[in-house]
Amino acid sequence: SLLDIIVNNELDIDGYGACEGTLTCSTCHLILTKEDYDRLPEKPTDEELDMLDLAFDLTDTSRLGCQII
Ligand code: FES
């Protein structure tokens with residue numbers, strides 16, 4: 001997932017991925033361009049959408065980085 005890339009490359013993004021991909025936070029919130037959003041093969045699950053509802057500044061092209069593989 002995108003979260004794995006950040007963790008594996010030791011990118012220091014404060015607080016990102018607090019729940020380590022268990023879908024219990026929204027700190028991995030990403031806002032994608034419409035083009036990138038549409039290119040992703042998988043659409044968000046209901047569980048991801050529920051957690052996205054708690055994200056700051058939610059947009060129509062928001063995703064959780066830990067759910068993008
Ligand atoms: Fe917590 Fe993605 S890291 S929901």
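Reader: What share of the contacts in the chain with a separation of 6 or more comes from residues 24 or more positions apart?

Author: A contact here means heavy atoms within 4.5 Å. In this chain, residues 24 or more positions apart account for 62% of the contacts with a separation of 6 or more. Please keep in mind that this is a predicted model, in which local features need pLDDT of at least 70 and side-chain atom pairs count only at pLDDT 80 or more, while totals for chains, interfaces and linings use all residues. Residues are numbered from 1 along each chain as its sequence is written, and side-chain values use heavy atoms, with hydrogens and water left out.

Reader: Which pattern does the chain follow along the sequence, and how many helices and strands does it have?

Author: Helices (H or I, at least four residues) and strands (E, at least two) are DSSP runs, numbered from the N terminus. The chain has 3 helices and 2 strands, and they follow the pattern α-β-α-α-β along the sequence. With a radius of gyration of 11 Å, close to the 11 Å that the globule rule gives for 69 residues, the chain is as compact as a globular protein of that length; the radius is taken over C-alpha atoms, and the rule is 2.2 Å times the number of residues to the power 0.38.

Reader: Is Glu-48 buried or exposed, and what does its side chain make a polar contact with?

Author: Buried means under 20% relative accessible area, exposed over 50%, and partly exposed in between, using a 1.4 Å probe and protein chains only. Glu-48, which lies in helix α3, counts as buried because its relative accessibility is 1%. Its side chain makes a polar contact with the side chain of Arg-63 at 2.8 Å, where the term stands for a pair of N or O atoms within 3.5 Å; within protein, one must be able to donate a hydrogen and the other to accept it, and residues adjacent in sequence count only if both atoms are side-chain atoms.

Reader: Where are Asp-60 and Thr-61 found, and why does Asp-60 count as exposed?

Author: Asp-60 is in the loop between α3 (46-52) and β2 (62-64), and Thr-61 is likewise found between α3 and β2. Asp-60 counts as exposed because its relative accessibility is 74%, whereas Thr-61 is buried, with a relative accessible area of 13%. The side chain of Thr-61 reaches the backbone oxygen of Leu-32 at 2.6 Å.
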